[in-house]
Amino acid sequence: MVIDFHHHLFNRDWLPEKFWSDLVQRTVNVRRLNGQEADPEEIARNMFDLLTDPDGGRLAADMQDAGIAYSLIMPLDLGLELGECPVSVEEKMRLIVEVTRRHPGKIGSFFGIDPRREGGVELFEKAVREWGMLGLKLDPAAGFYPNEPMVYPYYEKASDLGVPVLLHTGVAIPPFRNKYTDPIYLDDVTLDFPELTVVAAHASFGWWQQLAFLISKKTNLVTDISGWQPLATRDYGLFCRYLRDMVSIAGAPNILFASDGPAFNLYGMRNKWWAQLFRDLPEKAPQGITFTQDEVDMILYKNAQRILGPVGKD
């Protein structure tokens, strides 16, 4: 079984125009690093045809092809940093809830908001209690520190509701500022809210060692491994080395499989390949690097079920 703990739904009106233009440039950069064709006009022309998914049908088909039993949507609220989009936060959350209801038992969602918005805590509670959303997604790269006092009411509400919080950590693409995404700021959060499960997304990328050692000392901090596809593509051995070290330091029970899709489709890095890479680790890891089947099963689905409950089961 595979559970994707961190995925997105992309539709043009749900995100600022600057997000899309920056995504084109990011795609150009990644394709060039991988030795692929990188025509920005071609990318911009085809991007929405490749990514648009208003009803979750494209994601559901991709999951079936990849053998992924359950995916969690992590909604983005970037309007205060990049410019507002045509669809409000509340309306976007309602549309995502409709997607989860269209695919029951297959697709779930967290609630995503910039904590600087007014009325967000009340909307978050409504999303969990009335709409069935499963947690809270915060993106500090949009311009705030995770341990700022104005974010604490969200942690308090998540603790009261008994749901986890996932935050972007690690280097972010321009124009976001990396000073907000250092995982050290989660030290305060995990100490001040000991009953709250905190998920540091992306294994903090360049700060993965710092995060791994933080996790090793905590009981309520875990990470997901989303967004590491480019490294795994360019240097599979180095990726496996880093992942092995993460498991050895942080512990396999604290690492979650995730994709951060669907943007990686722009680079030809499909979820089918990403999930299979993890399934194959016990047999195909490079010489001198080993993963047990139990470790891989924990990463692929058991840890997610521990946090979320029995999702992904028929």
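The largest nonpolar core in this predicted model has 92 residues. By nonpolar core I mean a set of buried Ala, Val, Leu, Ile, Met, Phe, Trp, Tyr and Cys residues joined through side-chain atoms within 4.5 Å. Buried is under 20% relative accessible area, exposed is over 50%, and partly exposed is in between, with a 1.4 Å probe and protein chains only. The residues with the most contacts inside this core are F5, Y155, W228, F239 and F278. Helix α14, residues 293-308, supplies the largest share of the core, 8 residues. Helices here are DSSP runs of H or I with at least four residues, strands are runs of E with at least two, and both are numbered from the N terminus. Another core lies apart from this one, with 25 residues, including L23, V30, A38 and F48.

Two notes on the model. Residues are numbered from 1 along each chain as its sequence is written, and side-chain values use heavy atoms, with hydrogens and water left out. As the model is predicted, local features need pLDDT of at least 70 and side-chain atom pairs count only at pLDDT 80 or more, while totals for chains, interfaces and linings use all residues.

Back to W228. Which residues does W228 touch, leaving aside those up to four places away in sequence? They are H202, A203, F205, W208, F239, Y242, M246 and W274, where contact means heavy atoms within 4.5 Å.

H202 sits in the loop between β7 (198-201) and α9 (208-216). H202 is not a glycine, but its phi is positive, near 70°. H202 is buried, at 3% relative accessible area. S204 is in the loop between β7 and α9, and S204 also has a positive phi, about 60°, without being a glycine. S204 is buried, with a relative accessibility of 0%.

Now the helix pairs. Two packed helices are described by the angle between their axes and the distance between the axes. Axes are lines fitted to C-alpha atoms, for helices over the stretch in contact, and angles run from 0 to 180 degrees between N-to-C directions.

Take α9 and α11. Their axes come within 8 Å and cross at roughly 25°. That makes α9 roughly parallel to α11; under 35 degrees counts as roughly parallel, over 145 as roughly antiparallel, 65 to 115 as roughly perpendicular, and the rest as oblique. From α9 the contact uses W208, A212, F213, I215 and S216, and from α11 it uses Y242, D245, M246, I249 and A250. These residues divide into 8 nonpolar, 1 polar and 1 charged. In that count, Ala, Val, Leu, Ile, Met, Phe, Trp, Tyr, Cys and Pro are nonpolar, Asp, Glu, Lys and Arg are charged, and the others, Gly among them, are polar.

The other pair is α11 (residues 236-250) with α12 (residues 271-279), whose axes come within 13 Å and cross at roughly 60°. That makes α11 oblique to α12. Y236, F239 and L243 of α11 meet W274, L277 and F278 of α12. This contact has 6 nonpolar residues, no polar and no charged.

Leaving out residues up to four places away in sequence, Y236 touches L231, L277, L281, K284, A285 and P286.

Last, the cis peptide bonds. One joins P174 and P175, with omega about 10°, and P175 is in the loop between β6 (165-168) and α8 (186-192). Another runs from G261 to P262, with omega near 10°; P262 is in the loop between β9 (255-256) and α12.
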